[in-house]
Amino acid sequence: MNAELHRVAFVTGRLAEPSLRRLLAEMSPPFAYDVVVMRITVAALMTTAWIANHLDGGEVPEGTDLVLIPGLCEGEPAIVSEKIGVRAEKGPKDLREIPGYFGRAAAARKYGAWDIEILAEINNAPRLTRAALRAAAEYFRASGADIIDVGCTPGLAFPDLGGIVGELVAAGMRVSVDTFDADEIRIAVAAGAELVLSVNGSNIEVAKELAGTGARVVVLPDLGSTLETLEPSLEKLTRWSIPYLIDPILEPIGLGFMASLERYAEVRRRYPDAEMLMGIGNLTELTAADSTGVNAMMIAVCQELGVRAVLTTEVIPWARGAVREVDIARRLMHYAVTGHTIPKGVDDRLVTIKDPEILEFTEQELRALQADITDPNFRIFADHEAITVLNNEHFIRTTDVTRIGDLFAQLDVEDPTHAFYLGKELAKASLAVTLGKTYRQEGTLSWGYLTPPDDARSEHVRLTHRARGARPADGSDG
């Protein structure tokens, strides 16, 4: 979206026109706008090719910067752009999201930078086959990891360590090795590992051998000791010209979590220019809570403290997707901290279970909508407490989402295909009410970064062509 818009044309259908005009009037956008109503009742039934064929050039006023078409339309907006000579874009899938769509545009132009590296650990690597290790590394890289951490297992031989590291490096991956064993450190660095996790007073001498390799090391306090034990190790690393990151060690909740956070702050005060690393997997893997919010908070801590590397993994089921979550969180927190603003209103992908905003119609609005409907196709709506199903004859509303079967019985549906469709949509609406989510007929519920794409095969088109099926109402066809 351009930095400045002077005039926008909103394309819609007849059913959505009143709601769209009302929303735009309330929105009072900082640009002129026009509503272009196509000769079709339901806007979601349009394709971009159909719009291009039926849009009269005169309907788009001179000086228009952007033509916004409904987000549910199939096809590429470029087809419309080529026909009318004006840039076209798909808007949100729900017209009530239009204010946010434009409101976020300026922020989105500045969004996406980050300065925290992600190390993704492959745990117990010696127990995995070479193929499994490579697959895990590819998965983590695709998820946003910058460095693949090969996790060795104390006391378990790893004869293929050098071959594994070399293979990953040859595939263009940056690799670290997670071990205290001096021999494993030598083998991994010789094979191309660029970072060693970790050294302290017990094995610091092996770091001297890394001079000239370009490898960095993560340095820890001595086991069970205070931060004071860092100084001798740091002095030696500096004398040997070995680059390092300091990890004061994040402890799990119940075992000194808050005290460990204080250690990170203290290290930053003592060594203001030192690179630091935090193993946030110690929290996500050992706390029975969805990892999305935990990762967001820990990356916020890292961003404010200047911790520029984090180590995480995805062993426990509730931490699946942690690397992707950290990748999103590092962008969100960089935006917030460097811009001195709150991490809200620019990226909602870490809100997975509950929605950032629930879009809903009141019963009064739905009854007004029903008055304009002339066909028998069912429209389904859900709000924070009720599910409503309506067409030109029926208006059925229930606040007991555990008894959807009673509502379904009132619809008098006999065709199996139609019954399956309505059953699927009502189950989804029930889930939306239970969790506090926006329901959009025939669209997927939002699960943040986990949201699957809508089915491009357009269920509503097939059903409408057969004169049976539910139609999206004016709120959902944008």
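Guide: Welcome! One term before we start: a helix crossing is right-handed if the near helix is turned clockwise from the far one by less than a right angle, and left-handed if it is turned anticlockwise. Also, please keep in mind that this is a predicted model.

Visitor: Thanks! Which way does helix 7 cross helix 8, left-handed or right-handed?

Guide: Helix 7 passes helix 8 in a right-handed crossing. Helix 7 covers residues 161–170 and helix 8 covers residues 182–190. Their axes come within 8 Å and cross at roughly 30°.

Visitor: And what does that angle make helix 7 and helix 8 relative to each other?

Guide: Angles under 35 degrees count as roughly parallel, so helix 7 and helix 8 are roughly parallel to each other.

Visitor: Which residues of helix 7 and helix 8 meet?

Guide: On the helix 7 side there are L161, G162 and V165, and they meet E184, I187 and A188 of helix 8. By class, this contact of helix 7 with helix 8 has 4 nonpolar, 1 polar and 1 charged residues.

Visitor: What about helix 6 and helix 7, at what angle do they pack?

Guide: Helix 6, residues 130–143, packs with helix 7 at an angle of about 40°, and their axes are 11 Å apart. That crossing is right-handed. From helix 6, the contact uses R130, L133, R134 and A137, while helix 7 brings G163, I164, E167 and L168. The residues in this contact of helix 6 with helix 7 divide into 4 nonpolar, 1 polar and 3 charged.

Visitor: Let's zoom out. How many helices and strands are in the chain?

Guide: The chain has 18 helices and 15 strands. Its C-alpha trace spans about 80 × 55 × 40 Å along the principal axes. Of its 478 residues, 51% are buried.

Visitor: Which residues touch the most other members of the largest nonpolar core?

Guide: That would be M278 and M298, in a core of 72 residues. Leaving out residues up to four places away in sequence, M298 touches L250, F257, L261, M278, I280 and L283. There is also a second, separate core of 20 residues, with A382, I404, Y421 and L422 among them.

Visitor: New topic: is T284 buried or exposed?

Guide: T284 has 2% relative accessibility, so T284 counts as buried. T284 lies in helix 12, residues 281–284. Beyond residues up to four places away in sequence, T284 touches S291, V294, N295, T312, I316, W318 and A319.

Visitor: And where is R308?

Guide: R308 is in the loop between helix 13 (291–305) and strand 12 (309–312). With 23% relative accessibility, R308 counts as partly exposed. Setting aside neighbours within four places in sequence, the contacts of R308 include D115, E117, E275 and C302.

Visitor: One last stop: where does L390 sit?

Guide: L390 is in strand 14, residues 387–390. L390 is buried, with a relative accessible area of 0%. Not counting residues up to four places away in sequence, L390 touches L366, Q370, I373, N377, F378, R379, F381 and F395.

Methods:
Residues are numbered from 1 along each chain as its sequence is written. This is a predicted model: local features need pLDDT of at least 70, side-chain atom pairs count only at pLDDT 80 or more; totals for chains, interfaces and linings use all residues. Side-chain values use heavy atoms; hydrogens and water are left out. Axes are lines fitted to C-alpha atoms, for helices over the stretch in contact, and angles run from 0 to 180 degrees between N-to-C directions. Helices (H or I, at least four residues) and strands (E, at least two) are DSSP runs, numbered from the N terminus. Angles under 35 degrees count as roughly parallel, over 145 as roughly antiparallel, 65 to 115 as roughly perpendicular and the rest as oblique. Contact means heavy atoms within 4.5 Å. Ala, Val, Leu, Ile, Met, Phe, Trp, Tyr, Cys and Pro count as nonpolar, Asp, Glu, Lys and Arg as charged, and the others, Gly among them, as polar. A nonpolar core is a set of buried Ala, Val, Leu, Ile, Met, Phe, Trp, Tyr and Cys residues joined through side-chain atoms within 4.5 Å. Buried means under 20% relative accessible area, exposed over 50%, partly exposed in between (1.4 Å probe, protein chains only).
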